[in-house]
Amino acid sequence: MKNILITGANGQLGNEMRILSVENQEYNYFFTDVAELDICDERAVMEFVMMNDIQIIVNCAAYTAVDKAEENLEFCTRLNADAVGYLAKAAEVNKAEFIQISTDYVFDGTAHVPYLETEPTCPNSVYGATKLAGEQNALTLCSRSMVIRTAWLYSTFGNNFVKTMIRLGKERESLGVIFDQIGTPTYARDLALAIFAAIRQGVVPGIYHFSNEGVCSWYDFTKAIHRLAGITSCHVKPLHTEEYPTPAKRPHYSVLDKTKIKNTYHIEIPYWMDSLQSCIAELEA
C-alpha cells in the first residue's frame with residue numbers, strides 16, 4: 001500500500017482529493033495543511049517524507065491571491081517556489097513521485113490558439129512568475145516530477161468565482177464582468193480525477209495541461225452560472241479589461257491544449273458547462 005502525501009488539503013483541490021480518496025482505498029493517505037506540515041520548513045518536509053516513507057507527493061498548496069501577490073513577493077515566492085523545491089528534494093531522496101499543480105498564468109496570454117506544454121512561458125504577474133519558478137524547481141530537483149497546469153479552478157469548497165457570482169447575483173440588480181479574457185473553467189473534482197488516473201497508472205515525468213473542455217469568457221461563465229443557479233433578477237453586463245483595473249495583469253487568452261494528458265493517461269475530460277452544472281447541483285444540495 002503506497003503512502004501518499006497531499007499538501008494544501010484544506011483547499012479546493014485538496015478537499016476534492018480527500019473525497020475521492022474514499023473511492024481509492026488501495027493507498028494510505030496523509031492529508032496535511034500548514035497546521036500539520038509547514039512545507040516552507042525544509043527540514044520538516046524532509047523528516048515527514050522520510051519518517052512516513054512517502055512514495056507519492058501531490059502538492060495542492062499555493063498562494064493563489066493573484067492581486068495580493070503583487071505586494072507579497074517574499075511570501076508568495078516561499079510558498080509557490082521555495083516550498084516546491086523542498087518537496088521535490090524530499091521526493092527525490094525517498095525515490096517518490098511528485099505531482100505539482102501549476103497555472104495558466106505562466107503564459108502572458110497573447111496567443112490565439114490553445115497553449116501546448118512546449119510553448120515558451122512568459123508570466124506577467126508575481127503569481128505567475130512564482131508558480132513558474134515552482135515548476136522549474138519540481139522538474140529540476142525531482143526526476144519523477146509531473147507538473148499539471150490548470151486554469152480558472154472552482155469547486156464547492158472555499159472561495160472561488162462560481163460561489164462569488166452566485167452570491168453577487170442574489171445580492172445585486174446588476175453586475176459587470178470582463179468579456180475580453182478567454183479561457184476554460186476547471187471543476188476541481190475533474191482535476192482530482194485526472195490526478196488519481198496518473199497515480200494509478202504511474203507518473204510519466206513532464207509538463208501537462210488540464211482544464212475542462214471548451215472555451216468561454218468570464219462574462220459567458222457568469223451568465224452560465226446564473227442560468228444554472230436559477231438567478232434571473234441580476235443583469236450581467238460585459239466589461240473591457242481596462243474598465244476593471246486590477247493590481248495583477250491577467251492573460252487575455254489562456255486556453256490550454258489537453259491532448260498530452262488525455263493521450264498519456266487515456267482520460268476523457270468533461271465539457272466545462274456540464275461540470276459547472278454538476279458543481280452547482282452539489283452546492284444547492
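## An enclosed cavity and its lining

In this predicted model, the count of cavities of 30 Å³ or more comes to one. The volume of this largest cavity is about 40 Å³, and its lining is made up of Asp104, Tyr105, Trp152, Gln181, Ile182, Trp218, Arg250, Pro251 and Ser254. Sorted by class, the residues of that lining are five nonpolar, two polar and two charged.

One of the lining residues, Asp104, is placed in the loop that runs between strand S4 (97–103) and helix H5 (126–141). Asp104 is buried but takes part in no salt bridge, and the nearest side chain of opposite charge, that of Arg149, is 9.1 Å away. What does the side chain of Asp104 make a polar contact with? The partner is the side chain of Ser254, at 2.7 Å, and Ser254 is itself listed in the lining of the largest cavity.

Helix H1 spans residues 12–21, and because eight of its 10 residues are buried, the helix is largely enclosed by the rest of the structure. The buried positions of H1 are Gln12, Leu13, Gly14, Asn15, Glu16, Met17, Leu20 and Ser21. Glu16, one of these buried residues, also belongs to a network of salt bridges that links it with Arg189 and Glu282.

Ile57 is found in strand S3, which covers residues 56–59. With a relative accessible area of 0%, Ile57 falls under the 20% limit and is therefore buried.

Side chains of opposite charge can pair when their charged atoms come close. The structure holds nine salt bridges, among them one in which the side chains of Glu42 and Lys89 meet at 3.3 Å, N to O. This pair links distant parts of the chain, with Glu42 in helix H2 (residues 42–51) and Lys89 in helix H4 (residues 73–93), 47 residues apart. Glu42 is partly exposed, with a relative accessible area of 35%, and Lys89 is likewise partly exposed, with a value of 34%.

A salt bridge also joins the side chains of Arg149 and Glu135, at 2.8 Å, N to O. Here too the pair links distant parts of the chain, with Arg149 in strand S5 (residues 145–150) and Glu135 in helix H5, 14 residues apart. Are Arg149 and Glu135 buried or exposed? Both residues are buried.

## Lys258 and its partners

The side chain of Lys258 meets that of Glu213 in a salt bridge of 3.8 Å, N to O. This pair links distant parts of the chain: Glu213 is in the loop between strand S10 (206–209) and strand S11 (216–217), whereas Lys258 is in the loop between strand S12 (235–239) and helix H9 (259–265), and the two are 45 residues apart. Glu213 is partly exposed, with a relative accessible area of 22%. Why does Lys258 count as buried? Its relative accessibility is 6%, and a residue under 20% is classed as buried, so Lys258 belongs to that group.

Besides the salt bridge with Glu213, the side chain of Lys258 reaches the backbone oxygen of Asn212 at 3.0 Å.

Asp53 has a positive phi of about 45° although it is not a glycine. Asp53 lies in the loop between H2 and S3, and with a relative accessible area of 35% it is partly exposed.

Lys95 likewise has a positive phi although it is not a glycine, with a value of about 55°. The place of Lys95 is in the loop between H4 and S4. Its relative accessible area is 61%, over the 50% limit, and Lys95 therefore counts as exposed.

How values were computed
Residues numbered from 1 in each chain as written. Predicted model: local features only at pLDDT ≥ 70, side-chain atom pairs only at ≥ 80, totals over all residues. Heavy atoms only, no water. 1 Å grid on protein atoms, 1.4 Å probe; cavity = no way out; pocket = protein on both sides within 12 Å on 5 of 7 lines; lining within 4 Å. Points joined across faces, edges and corners; volume = space filled by probe spheres on them. Nonpolar A, V, L, I, M, F, W, Y, C, P; charged D, E, K, R; others polar. Helix = DSSP H or I, 4+ residues; strand = E, 2+ residues; numbered from the N terminus. Buried < 20%, exposed > 50% of the residue type's maximum accessible area, 1.4 Å probe, protein only. Lys, Arg positive; Asp, Glu negative; His and termini not counted. Salt bridge = Lys/Arg side-chain N within 4 Å of Asp/Glu carboxyl O. Polar contact = N/O pair within 3.5 Å; in protein donor to acceptor, adjacent residues only side chain to side chain.
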